[in-house]
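Hi,

Here is the structure I promised to pass on. Have a look at it, and then read on for what turned up in it.

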Amino acid sequence: MPASVVQSTRMFREKLLDDPYRPRYHFCVPEDMGVPGDPNGCFYANGRYHLMYLYNRNGVGFCWGHISSQDLVHWRHHPDAIGPGDGDEGCFSGGAFVDDDGTAYLSYWMLWGDKGIGLARSTDRHYERWQKFDANPVIKSTEWGLTETTGADGNRRIYGSSDPSNIWKKDGKYYVLTGNLLVLNKYGRKPDSLETMQGDWLDLLESDDLTSWTYKGRFYERNPEWTEPSEDNMCPSFLPLPASPDGGPASGKHLLLFISHNKGCQYYVGDYDTKNDRFIPNNHGRMTWVDNTYFAPEALVDDRGRQIMWAWLTDNPGGESPRGWSGVYGLPRTLWLGDDGTLRMRPVKELEMLRSDEQTWSDVALADGQVRKLENVVGDSCELEITLAHPTAGRCGMRVRSSPGGEEQTLLYYDATARQLVFDATRSGTDGRRAVERAPLALKDGEPLQLRVFVDRSVIEVYANDRQAICRRVYPGRDDSLDVVLFADGAEAVFRSVKAWEMMSSNPY
């Protein structure tokens, strides 16, 4: 190995360690451009979590990087799983599936033009070596991202052939969903477009052998009260939903995660009609509201029955190429069904191993307009756990990544009047999307507000009562934007319990 290569590698690593926006414990693409940077192809097998990440490898093209972990916190880097070659010019988003014999499969969108959906398999224990199917594309496009054919009944069929979901198996047959963006773009965007060609849907295909696929029809019917005609359905993930954050038996409901490109990550909770191969959504929710920052969800079910998801944070700083990297994921969330039939979410418990130097405060009462700085909190790498007495009016919460005078600050609070969880980034720094994001959160009578906040350099996540969460990136321009400050505005707020931990770094650099 030439000494210059060793030296430049060390210099690059040290440069990344010194980057004020590179998170310490959120997954980052190790190098090159993670734009698009979708999580892809995650699965659990042989005691490890495997996760692929889409990135643009310099001089090569769009590849799937590959990492794995035993604890969802510390990740090992593998060779890239798939990339350009063997009939395609690169690999866009898709899913993963592990068959009964332990063989893992990746389903992906082949680049570019009228190729379609490809598959790759791996049979070695650590899934280091992947082989694309000779039969690729196993689902053929007739033009970029869509397929138009004539069925046996003579009727014209139009379906998506992009962004395949995870594959699943039922009664010895294989099933996959395909995204509809390109069909919507061609047939559903005009004012006089047929209603059936507008908005989000997914197409279902079936196979006996993974190489020959038959179109089965649309997987669900869109409810116009939930989504808009402009919204597509891409990056789908379809998995059984557990009844507990710790996994265990399935709840009987399924979760369909997806994005629309204009509105970001969202989901349906519903019933999977296995007899008719249809999904019947019971309710709908979003994971981003003001833009599409929380994007491209990917999920798996582990050996404990937990459903765990990741998402890409699309907000990147301007002129980032000289930094040598881009691409950050939100924390892994465990998802389960609440008693009321709606989705619950929280960060996985394994993240608690990063906690250090716990500090506590109790019964902090703030009058309207009062603030309380939390001393000795590591303001750019911390977790906060806060319980407030049931808010009845005004706003209560905290400022994080705040400068001493408040010139820079990110506001995280509950708006009791609007019944919303709010993330206000309008004064968060010098770059990025300085927006106000509002997530609906209706507390029950007398219910305390329970917040968990994660600060990790340029990433901030806030979770509320296991029912709602907002995750965004911020780019403070001041070195002293490190304060954490409790506040009350418009009414008294009583902080019954406040805990803070420094979060240790889990990223190698």
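Which residues do ring pairs link into a cluster? They are Trp168, Tyr175, Phe219, Phe238, Tyr272 and Phe279. Please keep in mind that this is a predicted model, and that the values below are computed from it.

First, the overall picture. The protein has 37 strands and 2 helices. Its radius of gyration is 23 Å, close to the 23 Å that the globule rule gives for 509 residues, so the protein is as compact as a globular protein of that length. Along the principal axes, the C-alpha atoms fill a box of roughly 70 × 65 × 45 Å. Of the 509 residues, 59% are buried. Among contacts with a separation of 6 or more, 60% are between residues 24 or more positions apart. The accessible surface comes to about 19,900 Å², and carbon and sulfur atoms account for 45% of that.

Now back to the rings. A pair of aromatic rings is described by the distance of the centres and the angle of the planes. The structure holds 35 aromatic pairs. One of them is formed by Phe43 and Trp130, with an edge-to-face arrangement, 6.3 Å centre to centre and 70 degrees between the planes. This pair links distant parts of the chain: Phe43 belongs to strand β2 (residues 39-45), while Trp130 is in the loop between β8 (116-122) and β9 (131-132), 87 residues apart. Both Phe43 and Trp130 are buried. Another pair, Tyr53 with Tyr55, is tilted, at 5.5 Å centre to centre and 35 degrees between the planes. Why do Tyr53 and Tyr55 count as buried? Buried means under 20% relative accessible area; Tyr53 counts as buried because its relative accessibility is 4%, and Tyr55 because its value is 3%.

Two arginines also lie over rings. Arg355 is over the face of Trp501, 3.8 Å from the ring centre. Arg395 is over the face of Tyr413, at 4.6 Å from the ring centre.

His66 lies in strand β4 (residues 61-69). With a relative accessible area of 0%, His66 is buried. Its side chain is joined to that of His50 by a polar contact of 2.8 Å. Leaving aside neighbours within four places in sequence, the residues in contact with His66 include Tyr53 and Trp130, along with His77, His78 and His126. Tyr53 is the partner of Tyr55 in the tilted pair, and Trp130 is the partner of Phe43 in the edge-to-face pair.

Asn166 is in the loop between β12 (156-160) and β13 (168-170). Is Asn166 buried or exposed? Asn166 is buried, because its relative accessible area is 6%. A polar atom of the Asn166 side chain lies 3.0 Å from the backbone oxygen of Phe238. Not counting residues up to four places away in sequence, Asn166 touches Gly95, Ala96, Tyr175, Val176, Pro236, Ser237, Phe238 and Leu239. Among these, Tyr175 and Phe238 are also members of the ring cluster I began with.

Happy to go through any of this with you.

Best wishes

Definitions and conventions: Residues are numbered from 1 along each chain as its sequence is written. This is a predicted model: local features need pLDDT of at least 70, side-chain atom pairs count only at pLDDT 80 or more; totals for chains, interfaces and linings use all residues. Side-chain values use heavy atoms; hydrogens and water are left out. Rings of Phe, Tyr and Trp (its six-membered ring) pair if their centres lie within 6.5 Å; planes under 30 degrees apart count as stacked, over 60 as edge-to-face and the rest as tilted. Helices (H or I, at least four residues) and strands (E, at least two) are DSSP runs, numbered from the N terminus. Buried means under 20% relative accessible area, exposed over 50%, partly exposed in between (1.4 Å probe, protein chains only). A charge sits over a ring if NZ of Lys or CZ of Arg is within 6 Å of the ring centre and within 35 degrees of the ring normal. A polar contact is a pair of N or O atoms within 3.5 Å; within protein, one must be able to donate a hydrogen and the other to accept it, and residues adjacent in sequence count only if both atoms are side-chain atoms. Contact means heavy atoms within 4.5 Å. The radius of gyration is taken over C-alpha atoms; the globule rule is 2.2 Å times the number of residues to the power 0.38. Accessible areas come from the Shrake-Rupley method with a 1.4 Å probe; for residues, only the protein chains shown count as cover.
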